[in-house]
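User: I would like to learn how to read a protein model. Could you take me through it feature by feature?

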Amino acid sequence: MPPEPIGLAVFGAGRIGGVHAANAATLPGARLVGIADLDRPAAERQVRKHGGRVDTIPSFLADERVHAVVIATPTESHAELITRAAAAGKHTFCEKPISLDIPATRAAMAAAKRAGIILQVGFQRRFDDAFLQARRSVESGALGSPRFMRLVGRDHRVPPLAYLKTSGGQFKDQMIHEFDLASWLFEPARVVEVYATGSAIVDPALGEFGDADTTIAALRFDTGALGVIDGSREAVYGYDVRAELVGSKGMIVVGHEHVVNGKLLDATSATPELESFAERFEHAYRAELGGFLEAVSRGERPAVGGSDALEALRLASAATRSFQRGRPVKLSEIADG
Ligand SMILES: NC(=O)c1ccc[n+]([C@@H]2O[C@H](COP(=O)([O-])OP(=O)(O)OC[C@H]3O[C@@H](n4cnc5c(N)ncnc54)[C@H](O)[C@@H]3O)[C@@H](O)[C@H]2O)c1
């Protein structure tokens, strides 16, 4: 007899919750038990599309048919929900970041460890085919000794100002994905220093609450390798995530298929597949939830765990501090935020 499907409840029926609900409903080995959202009509809309029932978080946590939960609520609720899911013995897939705060991240990780649940964090780029190939070229030695990485992370459209005000800033909210890539792609090399600067030139209103929308972060690794990340809250030509890794034996790029020598990319270049993360990483979101299900069914460590979320947050915290203080920040300065 085939093993029983893993029952999943999705918490949060917004932009990313909808993506996870669709995958939970269709991935082999999974069964979508239902969806909870404070905004009940939002959960009802997703249930109509993908099945399962609408219910509350406490009810799903008490339900034996729920083996694991997917946390896709706003960031400020993640750490507490991980702790509650762990106490209920539910394996947990949590969207990035676990928290904007290092002590809260550590506390959620400790709760998961104490309960013996599997905790995976939503850094879906690690499941993208091209990023995986880049990582493998480092791991196998094909790239040679890593020397330099360039990461580009530009959103197509600026999120609403109300969201940005509580987002934790561009480094922790948006560029946390690039900081995770920086930690992962050159492993076992580790980032030891960050210098970051930024401007509010897409929307000067961001500057009024100390945030930026156009930023760079220069990274130094303990091996002497260097990295540069540039992030933007708006790219009129579409969602743009790229990478270039340079080593002693060559170079590998990711995401350059839309770039044409000498051609201006403008608003007319923003085809539907360049709309946002949901289109660009559609396969990666499916693969990451599939990876989580596999980790749960085998009782193995997930590919991306709490310590990866903590490391990305430490880099983002160093970048935020560097931007605020106008000086390079060593990672050894970042203990608790
Ligand atoms: N990995 C990625 O690429 C990616 C992409 C987008 C968002 N995210 C992350 O996912 C999270 C959600 O982002 P989003 O863009 O989907 O937000 P969203 O605002 O579109 O959706 C959040 C939903 O959660 C509901 N909600 C709020 N508090 C709740 C609670 N306590 N209990 C139950 N439901 C609650 C809201 O009503 C809303 O429907 C954020 O942490 C964000 O950083 C990750």
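Predicted model: local features only at pLDDT ≥ 70, side-chain atom pairs only at ≥ 80, totals over all residues.

User: Which residues come nearest the ligand?

Analyst: First the rule: a residue is near a molecule if one of its heavy atoms lies within 4 Å of it. Here 20 residues are around the ligand, and Arg 15, Asp 37, Thr 75, Glu 95 and Tyr 285 come nearest. Next, sort the shell by class. Ala, Val, Leu, Ile, Met, Phe, Trp, Tyr, Cys and Pro count as nonpolar, Asp, Glu, Lys and Arg as charged, and the others, Gly among them, as polar. The shell has seven nonpolar, eight polar and five charged residues.

User: What lies 3.0 Å from an oxygen atom of the ligand?

Analyst: Think of polar contacts. Each is a pair of N or O atoms within 3.5 Å; within protein, one must be able to donate a hydrogen and the other to accept it, and residues adjacent in sequence count only if both atoms are side-chain atoms. Your answer is a polar side-chain atom of Lys 96. Ile 16 uses its backbone instead: an N or O atom there lies 2.9 Å from a ligand oxygen. Gly 122 has a polar backbone atom 3.3 Å from a nitrogen atom of the ligand. On its own, the ligand has 840 Å² of accessible area, and the protein covers 81% of it. Such areas come from the Shrake-Rupley method with a 1.4 Å probe; for residues, only the protein chains shown count as cover.

User: How many residues line the second largest pocket?

Analyst: A pocket is found on a 1 Å grid over the protein atoms alone, as an open set of points where a 1.4 Å probe fits, with protein on both sides within 12 Å along at least five of seven lines; lining residues have an atom within 4 Å of a point. The second largest pocket has 17 lining residues, and Leu 119, Arg 301, Pro 302, Gly 305 and Gly 306 lie nearest its centre. Both α5 (102-115) and α13 (306-325) give two or more residues to this lining. Helices (H or I, at least four residues) and strands (E, at least two) are DSSP runs, numbered from the N terminus. By class, the lining has eight nonpolar, three polar and six charged residues.

User: Is Asp 128 buried or exposed?

Analyst: Buried means under 20% relative accessible area, exposed over 50%, and partly exposed in between (1.4 Å probe, protein chains only). Asp 128 is at 10%, so it is buried. Its place is the loop between β6 (119-121) and α6 (129-139). The side chain of Asp 128 reaches the backbone nitrogen of Ala 130 at 3.2 Å. A polar atom of that side chain also lies 3.2 Å from the backbone nitrogen of Phe 131.

User: Where is Pro 97?

Analyst: Pro 97 is in the loop between β5 (91-94) and α5. Check the omega angle there: the peptide bond from Lys 96 to Pro 97 is cis, with omega near -20°. Glu 187 and Pro 188 are also joined by a cis bond, with omega about 10°. Pro 188 sits in the loop between α9 (176-185) and β8 (191-199).

User: How many residues apart are Thr 83 and Lys 96 in sequence?

Analyst: They are 13 residues apart in sequence and 15 Å apart in space, C-alpha to C-alpha. Thr 83 lies in helix α4 (residues 78-87). Ile 216, in strand β9 (residues 214-221), is 71 residues and 30 Å from Ala 287, C-alpha to C-alpha.

Terms used
Residues numbered from 1 in each chain as written. Heavy atoms only, no water.
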